[in-house]
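Please open the structure in your viewer and keep the sequence panel beside it. The stops below each name a selection and then describe what is found there.

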Amino acid sequence: MNEADARRAICDVCSKLYQKELLVSAGGNVSIRTDDGILITPSGRNKGSLKEDDIVKLAMTGKVIGKGKPSIEYKFHIALYNLRDDVNAIVHCHPVYCTALSVKGEKIRTDLTPEGTILLGDVPMVPYRTPGSDELVEEMTKISKSSAALMENHGAVTQGKTMEEACNRMEELEFQAHLQLVVGNVEGLPREEIYRLRRM
């Protein structure tokens with residue numbers, strides 16, 4: 001994907017996630033890998049009305065290429081890309097149901113439906129660390145192999161080979177969190193079925 005298309009993809013995804021109330025005001029951040037670094041949403045800007053020129057380009061060292069101020073959490077995006085050659089997009093949001101579980105310290109279940117099992121797998125909880133801090137980066141690197149994670153008292157993050165995959169995982173993660181809070185303590189899919197689904 002060329003840079004122009006990547007900038008457009010971030011703006012389109014942010015608009016979509018904002019309309020679905022997965023991104024709220026200036027919260028959250030979205031990035032995509034490029035040939036020479038990453039593109040990431042700017043700091044302190046409403047994600048529902050971003051323009052392509054607002055997106056900030058960074059080298060993998062974190063140095064800004066061009067103009068703009070990147071999201072304060074750019075360091076954990078770069079860290080995750082460095083650990084996963086197969087990941088090309090990262091979405092971090094503060095969706096209400098995911099965040100509710102993260103505030104409660106309640107692990108999200110993905111065994112309630114086939115889609116949760118297939119798209120998300122096991123979803124860890126990242127301990128709370130100050131946004132933008134090196135301590136948060138360190139905790140995020142520990143969950144690099146996961147497709148999705150909750151962030152304690154903070155929100156959620158998903159990774160994907162493509163922006164569409166990362167976005168789909170965020171939507172599914174919020175659906176599963178909502179479902180979990182609605183249905184309460186119920187039986188999930190049988191273990192044998194979970195193994196079968198995860199092999200698909």
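Two strands are taken to pair if DSSP finds at least two bridges between them, where strands (E, at least two residues) and helices (H or I, at least four) are DSSP runs numbered from the N terminus. The model is predicted, so that local features need pLDDT of at least 70 and side-chain atom pairs count only at pLDDT 80 or more, whereas totals for chains, interfaces and linings use all residues. Residues are numbered from 1 along each chain as its sequence is written, and side-chain values use heavy atoms, with hydrogens and water left out.

**The sheet as a whole**

Begin by selecting the strands: they make up an open sheet of eight, in the order β4-β3-β2-β1-β5-β8-β7-β6, with mixed pairing. The edge strands are β4 (64-65) and β6 (125-126), each of which pairs on one side only.

Select residues 29-34 and 37-40, which are strands β1 and β2; they pair in the antiparallel sense over four bridges. A hairpin of two residues joins β1 to β2, and Thr 34 has Gly 37 in β2 as its bridge partner. Then extend the selection to β3 (residues 56-58), which pairs with β2 in the antiparallel sense over three bridges. Here Leu 39 has Lys 57 as its bridge partner, and Ile 40 has Val 56.

**Lys 57**

Is Lys 57 buried or exposed? Lys 57, found in strand β3, is buried with a relative accessible area of 12%; buried means under 20%, exposed over 50% and partly exposed in between, using a 1.4 Å probe and protein chains only. Show its side chain together with that of Glu 3, and a polar contact of 2.8 Å joins the two. Such a contact is a pair of N or O atoms within 3.5 Å, of which, within protein, one must be able to donate a hydrogen and the other to accept it, while residues adjacent in sequence count only if both atoms are side-chain atoms. Leaving aside neighbours within four places in sequence, the residues in contact with Lys 57 include Arg 7, Asp 36, Lys 63 and Ile 65.

**Strand β8 and its neighbours**

Move to residues 155-160, strand β8, where six of the six residues are buried, so the strand is largely enclosed by the rest of the structure. Gly 155, Val 157 and Gln 159 point one way from β8, and Ala 156, Thr 158 and Gly 160 the other way. Five bridges join β8 to strand β5 (residues 89-93), the two running antiparallel, and Ala 89 stands opposite Gly 160. Strand β7 (residues 148-151) also pairs with β8 in the antiparallel sense, over four bridges, with Met 151 opposite Gly 155. The hairpin formed by β7 and β8 has three residues between the strands, and Asn 153 in the turn has a positive phi of about 55°.

**Two helices**

Finally, select α1 (residues 3-19) and α6 (residues 163-183), whose axes come within 11 Å and cross at roughly 15°. The two helices are therefore roughly parallel to each other, a term used for angles under 35 degrees. At this crossing, Ile 10, Val 13, Lys 16 and Leu 17 in α1 meet Met 163, Cys 167 and Glu 171 in α6.

Key: Contact = heavy atoms within 4.5 Å. Axes fitted to C-alpha atoms, helices over the stretch in contact; angles between N-to-C directions. Parallel < 35°, antiparallel > 145°, perpendicular 65-115°, else oblique.
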